[in-house]
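Welcome! Have a look at the picture and try each task before reading on.

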Amino acid sequence: MRKIIRIDESRCNGCGLCVKACHEGAIALENGKAKLVSETYCDGLGDCIGECPQGAISFEVREAAAYDQAAVKSRMESQRSMAQGGTLPCGCPGSMARELKKTEKNTAERKMPDISNQNL
């Protein structure tokens with residue numbers, strides 16, 4: 001038995017603030033709702049609770065797998081790798097990080113026609 005978070009999907013609006021607040025990567029958005037990815041990633045500290053504007057996250061004491069710091073570290077390294085240009089397991093190239101660069105063509109000033117002397 002241990003303290004772990006519980007997410008009430010009916011109250012979740014999918015804002016993602018809890019995902020950003022969870023330093024262990026235990027929460028992810030799936031189908032527009034916050035989900036506990038794995039019990040082993042949740043350390044039970046509850047950094048996510050205060051960030052939820054809907055009050056959808058609470059603590060509960062229940063039987064749950066033990067917190068696994070090594071698994072959290074591995075998951076976080078994997079996520080960092082994907083953010084640095086890796087691909088998702090599905091291989092979707094559209095999800096890869098890209099760098100957008102300005103070119104002369106799209107940074108040149110556009111000349112606007114002078115309409116001050118036109119009858120409107």
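**Exercise 1.** Is E60 buried, partly exposed or exposed?

*Solution.* Please keep in mind that this is a predicted model. Start with the relative accessibility of E60, which is 24%. Then recall the cut-offs: buried means under 20%, and exposed means over 50%. E60 therefore counts as partly exposed.

**Exercise 2.** Find the salt bridges of the structure and work out which of them share partners.

*Solution.* 
- Step 1: count them. The structure holds three salt bridges.
- Step 2: begin with E60. Its side chain meets that of R62 in a salt bridge, at 2.6 Å from N to O.
- Step 3: look for another partner of R62. The side chains of R62 and E39 also form a salt bridge, again with 2.6 Å from N to O. R62 lies in strand 4 (residues 57-62) and E39 in the loop between strand 3 and strand 4, so this pair ties together parts that are 23 residues apart in sequence.
- Step 4: check the exposure of both. R62 is partly exposed, at a relative accessible area of 22%, and E39 is partly exposed too, at 25%.
- Step 5: Through shared partners, the salt bridges join E39, E60 and R62 into one network.
- Step 6: turn to E9 and K35. These two form a salt bridge whose closest N and O atoms are 2.7 Å apart. The pair links distant parts of the chain, 26 residues apart: E9 is in the loop between strand 1 (2-7) and helix 1, while K35 is in strand 3. E9 counts as partly exposed at 37% relative accessibility, and so does K35 at 22%.

**Exercise 3.** Which residue other than glycine has a positive phi near 55 degrees, and where is it?

*Solution.* The residue is N31, with phi near 55 degrees. N31 sits in the loop between strand 2 and strand 3 (33-36). As for its cover, N31 is exposed, with a relative accessible area of 80%.

**Exercise 4.** Examine the aromatic rings: how many aromatic pairs are there, and which ring has the charged end of K3 over it?

*Solution.* Take the pairs to begin with: a search of the whole structure finds zero. Now follow K3. Its charged end sits over the ring of F59, at 4.3 Å from the ring's centre.

**Exercise 5.** Step back and sketch the chain as a whole.

*Solution.* Count the elements: there are three helices and four strands. From the N terminus on, their order is β-α-β-β-β-α-α. Then consider burial, where buried residues make up 21% of the 120 residues. For the surface, the chain exposes about 9,000 Å², with carbon and sulfur atoms supplying 49% of it. Lastly, take the contacts between residues at least 6 apart in sequence: 65% of these join residues at least 24 apart.

Notes:
Residues are numbered from 1 along each chain as its sequence is written. This is a predicted model: local features need pLDDT of at least 70, side-chain atom pairs count only at pLDDT 80 or more; totals for chains, interfaces and linings use all residues. Side-chain values use heavy atoms; hydrogens and water are left out. Helices (H or I, at least four residues) and strands (E, at least two) are DSSP runs, numbered from the N terminus. Buried means under 20% relative accessible area, exposed over 50%, partly exposed in between (1.4 Å probe, protein chains only). Contact means heavy atoms within 4.5 Å. Accessible areas come from the Shrake-Rupley method with a 1.4 Å probe; for residues, only the protein chains shown count as cover. Rings of Phe, Tyr and Trp (its six-membered ring) pair if their centres lie within 6.5 Å; planes under 30 degrees apart count as stacked, over 60 as edge-to-face and the rest as tilted. A charge sits over a ring if NZ of Lys or CZ of Arg is within 6 Å of the ring centre and within 35 degrees of the ring normal. A salt bridge is a side-chain nitrogen of Lys or Arg within 4 Å of a carboxyl oxygen of Asp or Glu.
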